[in-house]
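User: Hi! I'm new to this one and would like a friendly walk through it. Could you help me find my way around?

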Protein chains: 4
Amino acid sequence: MSHNTFGHLFRVTTWGESHGPAIGCVVDGCPPGIRFTQADIQAELDRRRPGQSRFVTQRREPDAVKILSGVLPDEDGETLITTGTPVSMLIENVDQRSKDYGEIAKRYRPGHADYTYETKYGLRDYRGGGRSSARETATRVAAGALARKVVPGMTVRAALVAMGEKEIDRANWTWDFIGDAENPFFTPDPKSVPVFTEYLDGIRKAGSSVGAVIEVVAEGVPAGLGAPVYAKLDQDICANLMSINAVKGVEIGNGFEAARITGEENADEMRMGNDGTPRFLSNNAGGILGGISTGEPIVARFAVKPTSSILTPRQSIDRDGNEVDVLTKGRHDPCVGIRAVPIAEAMVACAIADHYLRHRGQTGRI
Amino acid sequence: MSHNTFGHLFRVTTWGESHGPAIGCVVDGCPPGIRFTQADIQAELDRRRPGQSRFVTQRREPDAVKILSGVLPDEDGETLITTGTPVSMLIENVDQRSKDYGEIAKRYRPGHADYTYETKYGLRDYRGGGRSSARETATRVAAGALARKVVPGMTVRAALVAMGEKEIDRANWTWDFIGDAENPFFTPDPKSVPVFTEYLDGIRKAGSSVGAVIEVVAEGVPAGLGAPVYAKLDQDICANLMSINAVKGVEIGNGFEAARITGEENADEMRMGNDGTPRFLSNNAGGILGGISTGEPIVARFAVKPTSSILTPRQSIDRDGNEVDVLTKGRHDPCVGIRAVPIAEAMVACAIADHYLRHRGQTGRI
Amino acid sequence: MSHNTFGHLFRVTTWGESHGPAIGCVVDGCPPGIRFTQADIQAELDRRRPGQSRFVTQRREPDAVKILSGVLPDEDGETLITTGTPVSMLIENVDQRSKDYGEIAKRYRPGHADYTYETKYGLRDYRGGGRSSARETATRVAAGALARKVVPGMTVRAALVAMGEKEIDRANWTWDFIGDAENPFFTPDPKSVPVFTEYLDGIRKAGSSVGAVIEVVAEGVPAGLGAPVYAKLDQDICANLMSINAVKGVEIGNGFEAARITGEENADEMRMGNDGTPRFLSNNAGGILGGISTGEPIVARFAVKPTSSILTPRQSIDRDGNEVDVLTKGRHDPCVGIRAVPIAEAMVACAIADHYLRHRGQTGRI
Amino acid sequence: MSHNTFGHLFRVTTWGESHGPAIGCVVDGCPPGIRFTQADIQAELDRRRPGQSRFVTQRREPDAVKILSGVLPDEDGETLITTGTPVSMLIENVDQRSKDYGEIAKRYRPGHADYTYETKYGLRDYRGGGRSSARETATRVAAGALARKVVPGMTVRAALVAMGEKEIDRANWTWDFIGDAENPFFTPDPKSVPVFTEYLDGIRKAGSSVGAVIEVVAEGVPAGLGAPVYAKLDQDICANLMSINAVKGVEIGNGFEAARITGEENADEMRMGNDGTPRFLSNNAGGILGGISTGEPIVARFAVKPTSSILTPRQSIDRDGNEVDVLTKGRHDPCVGIRAVPIAEAMVACAIADHYLRHRGQTGRI
């Protein structure tokens with residue numbers, strides 16, 4: 001990983017700030033011959049798009065993706081075929097309300113990257129958070145939509161499993177419910193919707209914010225992906241998830257719970273399946289042993305902090321060293337974790353696609 | 001990161017298996033003019049070395065480091081000065097008890113990487129776990145000892161804060177106690193020693209194993225290290241920690257706790273310090289905002305799973321698809337997390353050293 | 001370097017085909033605080049732009065650059081200041097004459113990459129050469145315009161020194177003549193203009209093409225850039241130049257001539273200059289010793305082959321294995337080497353800028 | 001490439017100075033299951049070894065390679081099988097005549113990297129040239145011996161084609177003669193031996209030195225290796241060759257000659273071969289079009305400068321700014337180009353092996 005690029009063979013470079021003319025990404029190393037449509041990409045972007053319920057920022061961006069390179073149109077005029085050269089995708093910024101940044105330009109919002117960017121670079125793009133804006137994540141989702149096509153048979157899905165003090169009941173887990181029109185939370189538990197609704201309405205009306213925990217599950221990942229010892233699949237998944245704004249922790253499989261139990265309880269035993277292939281009797285490992293995929297579902301979980309963009313004034317300083325109070329007006333998410341769901345899927349899909357190609361490169365065994 | 005290399009400007013490549021003639025690392029990109037002694041490196045290795053108490057594996061390895069390149073001896077005959085070229089360090093494997101690997105060579109130990117390595121590569125080094133052996137981590141500690149010297153004024157320390165069901169009392173936190181001769185656990189809480197002793201003796205006698213949670217704290221790290229958006233300092237620290245054997249989860253600052261609280265509670269407010277520099281009134285962020293260091297202590301925590309090398313037989317299969325029971329005799333750690341403490345320090349030191357150089361490269365602001 | 005990215009700290013990723021909607025580049029790792037104008041970039045692009053004389057392709061592209069990210073406007077409304085985040089630049093493709101590609105799509109043009117792209121990827125973008133089009137080089141020039149600003153005091157200039165059988169007279173070398181309106185060849189020798197004119201008119205009218213040799217000189221490069229042993233400055237300059245379409249050879253300093261002379265003749269002797277700094281009495285080394293810059297001008301030279309897009313039919317095959325004759329109608333350069341001059345400057349500027357940042361990163365000595 | 005590492009999937013890291021205890025390399029990313037013997041590696045090292053004729057340095061080094069990791073012994077006890085993990089190879093330095101470096105430590109030898117290393121790093125390993133010693137190249141040869149095994153059916157051979165003012169007669173080219181016991185020059189032209197002998201004896205007795213031109217030919221390389229636009233196969237081959245000490249120029253196919261001829265002459269025409277596969281009627285391209293291999297032999301050529309280690313005093317300065325005269329006593333090569341032959345083969349083999357794996361990774365078409 002290198003500043004604004006991640007991946008080794010499936011490489012994604014993103015660029016753009018929320019208040020410039022556009023944002024975008026370049027996906028390099030994509031295998032040739034992959035067939036997709038612009039609608040495939042757009043559908044993923046639409047899942048992440050703000051403005052779809054009162055629980056996410058009301059910034060209205062169509063997030064219409066343009067595909068600028070790396071593809072040949074098929075004869076049907078709709079399907080695109082990757083040529084193996086870089087796929088450049090661009091999303092215009094439309095809803096940039098002009099305003100006076102005078103005050104914000106100088107003040108450091110607590111919990112934001114204002115102070116650190118300015119300390120690092122000596123200046124910063126104060127317009128909408130610059131590069132640390134959540135808007136950057138749209139380009140990851142576009143790249144992830146391509147990554148999903150790289151590994152045959154792979155499905156990557158994510159779900160919100162906790163919001164602040166509220167958790168889902170895993171007994172009710174229903175993957176199909178996540179895309180339901182009545183589900184503004186990406187929760188897999190239908191019964192959690194009224195609970196989350198009431199809870200988050202309270203948070204929103206108080207001008208407050210709250211964190212969340214998201215779980216990502218990748219199925220259909222062949223055994224053998226990942227490599228010792230600094231290219232472990234779990235390590236790269238973890239790095240990809242940690243790179244998402246506001247993420248403060250990541251775990252694989254049973255994660256921190258593993259620290260609390262014994263080796264007998266934790267070891268996933270093996271038997272031969274009826275189809276003559278090895279199977280695991282449990283999946284505490286989250287589908288990864290020694291950094292290499294086992295063929296079981298890959299399971300990761302991560303924590304998103306509550307955004308510091310809240311209506312309650314917080315103590316801070318400005319660029320000139322004056323002590324000030326900062327409160328954030330305007331359009332913001334009471335729970336930024338909600339929109340992290342499609343982003344997390346994209347980041348995990350990219351990590352696995354990269355390792356799929358790396359494994360094929362080194363071993364030729366796929 | 002690339003299989004057996006990590007870091008961009010401060011780059012560490014490690015090699016070797018536990019049952020070959022030696023293991024080692026090459027540290028490339030180290031700044032010239034850094035002064036150190038072989039004893040500095042050895043002291044760190046000795047902290048990680050097995051065989052020092054009944055709670056860690058009784059494999060007896062002197063772990064004597066040889067420095068083969070990249071240094072000039074100073075006139076005192078003891079101090080070495082880095083020349084800016086690769087520092088190659090080698091540790092011979094001494095205590096390789098010869099034995100018949102016939103059976104182990106074919107069986108997949110549950111919870112180990114036997115199955116995944118063999119699936120990936122079509123063969124594996126069955127002697128002592130090959131590349132997935134904990135022995136590999138000695139070379140990280142050697143590299144980390146150099147990394148500590150790269151960032152002026154930086155201190156990186158770690159401590160075991162939980163073992164299985166037992167936790168320390170943070171009110172008793174005493175950094176100096178960690179190196180105490182009466183402390184075989186790297187715990188910072190003197191009162192935890194009898195608790196951990198009794199608990200782990202029980203685990204050991206039962207032929208069982210247990211996990212642990214380790215906390216790493218880096219102090220004296222200048223503000224401005226790390227970079228958006230895929231070279232975040234927390235992301236690289238987490239990736240480095242996740243690359244350690246048996247680690248299943250990582251978090252920064254208040255970590256998963258951040259998902260449970262509100263934005264008001266979580267935001268670290270700022271004021272001007274008496275010395276005219278900015279200070280934070282709390283450090284929920286763990287010293288990193290937007291992926292860039294704030295100047296506050298950097299705090300990371302990670303979970304280590306219990307080793308699957310236990311005396312209770314577990315169900316598994318062998319290479320030929322036969323169902324077998326596996327139990328692990330021989331020298332093993334009841335809590336592998338203990339020895340992860342110096343390894344974690346090394347990995348965090350390497351991540352910060354790398355970002356220190358990268359920051360200086362791009363901005364010239366150090 | 002990685003497919004469509006080059007550089008380590010000053011990293012350039014380019015994308016786009018000649019017949020898609022646009023081409024572009026992303027410059028990542030640019031130091032913050034660099035001040036430039038869009039006109040600075042455009043001026044370099046205009047030097048490379050086709051359609052400016054009868055000796056270069058008549059494709060009419062305004063090559064107007066758009067700067068989409070990574071900058072803050074200064075108060076004057078014209079100056080842009082880099083923020084340290086990725087600078088994305090985009091150039092729309094305007095002059096895409098629609099035509100029937102049916103025949104070209106199947107035939108492999110001799111001397112072009114048609115056959116190799118299709119063999120590699122199983123398909124190719126037959127429209128205008130796809131990614132191997134000379135049009136891609138415009139994005140390098142845009143990136144190079146930024147690179148020039150990274151190294152204080154550096155000047156990078158190039159000149160055409162030979163065209164087919166004709167060479168300049170080095171005694172007439174006049175850098176200022178290169179930008180002269182009466183000089184369509186980037187030659188530094190005013191007396192060569194009528195010679196080249198007559199020669200190339202003959203080539204052009206015959207529907208033929210011819211190669212060229214270009215020399216690049218970088219002055220004001222501080223001593224100490226580059227690193228042993230696989231990051232030599234000459235090696236990276238060489239790689240950057242070899243990546244330009246149609247380049248078949250590169251040399252540094254006296255290059256191949258060095259193979260013909262003795263050590264006495266070749267060694268550049270040193271003395272102290274009047275200003276108390278070391279100086280070299282000659283520069284056979286081309287400003288680089290042991291891969292590291294000496295402070296003398298860096299001198300590189302490279303050979304460009306004649307384009308195979310000619311009017312004389314050449315034997316070839318098509319995708320189906322039929323033997324065919326191919327000739328290239330339409331807009332093409334009789335000497336593609338001419339337009340390589342600004343491209344070469346850009347590639348050398350990028351290589352040096354990258355090493356400037358890398359050197360600062362590792363050593364802090366700038 | 002990154003300081004002391006080259007390659008992306010087949011990655012080679014080298015370390016060590018000529019006067020330290022050892023030198024070595026780590027080959028990471030090697031495919032698993034490759035079978036070789038220590039003798040295979042040693043045979044290549046023996047070809048490069050000094051002290052084999054009066055025309056190469058009389059430093060006596062056995063250059064005995066030790067293989068420390070990354071392999072499993074086969075049942076025959078001799079064959080080694082790569083496991084896919086890093087192969088670490090080490091060569092001890094034996095013939096380090098101790099001497100007083102006092103004077104050399106301060107003086108900058110003209111044409112050597114003394115001045116630039118010291119300017120870059122602020123200090124340097126003055127013992128035997130440190131990292132810029134030709135001794136480092138032994139480790140490349142060891143890595144190259146493995147690389148040769150990665151691409152099935154590939155042969156990489158090199159030959160000295162010119163020495164100073166003397167050239168071979170290509171009409172006499174006999175590959176088999178290169179390994180002949182009567183051929184101390186790696187020349188493919190038997191009739192050149194007496195010519196080179198007399199010429200180089202004169203150079204040697206005069207305490208002088210002379211340059212050389214080497215040609216490398218790789219056969220059996222499948223079409224499709226290499227990638228646009230900054231991972232061109234010719235670019236990576238040239239970079240690898242330029243990284244060899246004293247190399248000042250590289251070319252592919254007809255190289256600089258291409259700049260002098262017309263498109264008609266230069267284009268390699270195609271026809272279908274009798275076996276139903278495409279064939280080229282000539283190979284001016286040197287087996288690479290658009291950066292991608294054509295299936296024809298890959299041909300590269302490079303120029304080696306004469307070493308500056310000569311008996312004639314040359315003007316120079318010392319570290320304190322004093323003007324001094326420097327002459328080099330001791331063991332040195334009158335034509336360092338001779339020993340570049342096996343090194344060049346190794347570097348080309350590594351470049352192709354890397355691209356073989358990268359191509360397989362991205363496209364799965366091998």
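Analyst: Happy to. Let's begin with A:Arg48, which sits in helix α1 (residues 38-48) of chain A. Please keep in mind that this is a predicted model.

User: Okay, is A:Arg48 buried or exposed?

Analyst: A:Arg48 is buried, because its relative accessible area is 1% and buried means under 20%.

User: What is A:Arg48 in contact with, leaving aside its neighbours within four places in sequence?

Analyst: Its contacts are A:Asp63, A:Ala134, A:Arg135, A:Thr137, A:Ala138, A:Val141, A:Arg339, A:Pro342 and A:Ile343.

User: Which feature does UniProt place at A:Arg48?

Analyst: An unreviewed UniProt entry gives the feature "binding site" for A:Arg48 and A:Arg54.

User: And where does A:Arg54 lie?

Analyst: You'll find A:Arg54 in the loop between α1 and β5 (65-67) of chain A. A:Arg54 counts as partly exposed, since its relative accessible area is 43%. Not counting residues up to four places away in sequence, A:Arg54 touches A:Thr197, A:Asp201 and A:Arg204.

User: Which other residues of chain A does the "binding site" annotation cover?

Analyst: The unreviewed UniProt entry also has that annotation on A:Arg131, A:Ser132, A:Ser133, A:Asn245, A:Ala246, A:Gly290, A:Lys305, A:Pro306, A:Thr307, A:Ser308, A:Ser309 and A:Arg331.

User: Let's pick A:Ala246. Where is it found?

Analyst: A:Ala246 is in the loop between α6 (233-242) and β12 (247-252) of chain A. It is partly exposed, with 22% relative accessibility.

User: What about A:Gly290, what does it touch?

Analyst: Leaving aside neighbours within four places in sequence, A:Gly290 is in contact with A:Lys232 from chain A, and with B:Ala113 and B:Tyr117 from chain B. A:Gly290 is found in the loop between β15 (288-289) and β16 (292-293) of chain A, and its relative accessible area of 28% makes it partly exposed.

User: Chain B turned up there. How many residues of chain B are in contact with chain A?

Analyst: There are 109 residues of chain B in contact with 109 residues of chain A. The area buried between these two chains is about 8800 Å², and carbon and sulfur atoms give 57% of it.

User: How many salt bridges are there between chain B and chain A?

Analyst: The count is 6 salt bridges. Among them is the one that B:Glu323 forms with A:Arg271, where the closest N and O atoms are 3.3 Å apart.

User: Which helix gives the most to the side of chain B that touches chain A?

Analyst: That's helix α3 (residues 114-121) of chain B, with 7 residues. By class, this side of chain B has 48 nonpolar, 39 polar and 22 charged residues.

User: Now the contact between chain A and chain D. How many residues does it take from each?

Analyst: This contact takes 14 residues from chain A and 14 residues from chain D. The area buried between them is about 990 Å², with 59% coming from carbon and sulfur atoms. On the chain A side, A:Arg360, A:Gly361 and A:Gln362 supply 50% of the area that chain A buries against chain D, more than any other three residues.

User: How many salt bridges and polar contacts are there between chain A and chain D?

Analyst: The count is 0 salt bridges, alongside 9 residue pairs in polar contact (both at pLDDT 80 or more). The side of chain A that touches chain D has 6 nonpolar, 7 polar and 1 charged residues.

User: Last topic: how many residues of helix α3 in chain D are buried?

Analyst: In chain D, 7 of the 8 residues of helix α3 (residues 114-121) are buried. They are D:Asp114, D:Tyr115, D:Thr116, D:Tyr117, D:Glu118, D:Lys120 and D:Tyr121.

User: What do those buried residues pack against?

Analyst: They pack against parts of chain C: β13 (270-272), β14 (278-280), β15 (288-289), β16 (292-293) and α8 (340-363). Just after α3(D), D:Gly122 takes a positive phi of about 85 degrees.

Definitions and conventions. Residues numbered from 1 in each chain as written. Chains lettered and ligands numbered in written order. Predicted model: local features only at pLDDT ≥ 70, side-chain atom pairs only at ≥ 80, totals over all residues. Heavy atoms only, no water. Contact = heavy atoms within 4.5 Å. Buried area = accessible area lost by both parts, 1.4 Å probe. Salt bridge = Lys/Arg side-chain N within 4 Å of Asp/Glu carboxyl O. Polar contact = N/O pair within 3.5 Å; in protein donor to acceptor, adjacent residues only side chain to side chain. Nonpolar A, V, L, I, M, F, W, Y, C, P; charged D, E, K, R; others polar. UniProt positions renumbered as here; feature names shortened; annotations may be inferred. Helix = DSSP H or I, 4+ residues; strand = E, 2+ residues; numbered from the N terminus. Buried < 20%, exposed > 50% of the residue type's maximum accessible area, 1.4 Å probe, protein only.
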